[in-house]
Amino acid sequence: MSEFRRGMKDGIPIGMGYFAVAFTLGIMAKNIGLTPIQGFITSALINASAGEYACFMMIASNGTFWQMVMMTIVSNARYFLMSFSLSQKLDEKLSTAHRMLIGFDVTDELFGLAINQKGKVNPYFMYGAYCVAIPGWALGTALGIVAGNALPVRIVSALSVALYGMFLAVIIPAAKKDKVVAILVIISFLLSYLCKDLPFSDGTKTIILTVVIAGIAAIVAPRKDLDDE
């Protein structure tokens, strides 16, 4: 249980950030006619802003169920890469059930939290973080539906960028500890900016850049085996 409590403690900043950012998602959910309960359930099952936004867009345009599924998969495709990477941080003997539960909520911030752990990641650490992050996202969406339109425009704009600040709080400590990570973060920012006008979706560009940058880094500066950490 100590790992579970530690996960909850480390997940508090993420849950708070999710709660704030989900307000803006709640405004969109209200505009397409979702109730607070429907918004809560949707966010509890799809803890991903891009995927949920795509889902709401399909509802607004009267898209079919399968169109909604495909849009969600495409917009969240980068999480496949994160899951592949995170699998290397798990004990090889970990059961399939644990792996599936961990894979349920691999978001950018939670992935960063897991990757920054020394050695193998205990599944109960992830569950503790999930128990804070998922309710924060779901409650934020529900309350956004209830009161989102009543908030001043400036506050809504501030909430919409809170997630980026929270993500920086996840990657900066790792960059300070490791020069290679710091260089890769800077390169990632620069290439993301330079590639912003390419005729691909944001998810596709993220996947391409991740594979290219990570592949080159693995060749130029290979890391020692995780078991030695």
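This is a predicted model: local features need pLDDT of at least 70, side-chain atom pairs count only at pLDDT 80 or more; totals for chains, interfaces and linings use all residues.
A pocket is here an open set of points on a 1 Å grid over the protein atoms alone, with protein on both sides within 12 Å along at least five of seven lines, and lining residues have an atom within 4 Å of a point. Residues are numbered from 1 along each chain as its sequence is written, side-chain values use heavy atoms, and hydrogens and water are left out. Local features need pLDDT of at least 70 and side-chain atom pairs count only at pLDDT 80 or more, whereas totals for chains, interfaces and linings use all residues.

The lining of the second largest pocket comprises 15 residues, with Ala 48, Asn 76, Tyr 79, Gly 103 and Phe 104 nearest its centre. At least two lining residues come from each of α4 (65-75) and α5 (78-87), and α5 supplies the largest share, 3 residues. Helices are DSSP runs (H or I, at least four residues) numbered from the N terminus. By class, 8 lining residues are nonpolar, 6 polar and 1 charged; Ala, Val, Leu, Ile, Met, Phe, Trp, Tyr, Cys and Pro count as nonpolar, Asp, Glu, Lys and Arg as charged, and the others, Gly among them, as polar.

Aromatic pairs (ring centres of Phe, Tyr or the six-membered ring of Trp within 6.5 Å; planes under 30 degrees apart stacked, over 60 edge-to-face, the rest tilted) number 4. Tyr 18 and Trp 137 form an edge-to-face pair, because their ring planes stand at 75° with centres 5.4 Å apart. Since Tyr 18 belongs to helix α1 (residues 2-31) and Trp 137 to helix α8 (residues 123-147), this pair ties together parts 119 residues apart in sequence. Tyr 18 is buried (under 20% relative accessible area, against over 50% for exposed and in between for partly exposed; 1.4 Å probe, protein chains only), at 2%. Trp 137 is likewise buried, at 2%. Phe 65 and Trp 66 also pair edge-to-face, at 5.3 Å centre to centre and 75° between the planes, but both residues are exposed.

Conventions. On a 1 Å grid over the protein atoms alone, a cavity is a set of points where a 1.4 Å probe fits but cannot get out, and a pocket is an open set with protein on both sides within 12 Å along at least five of seven lines; lining residues have an atom within 4 Å of a point.
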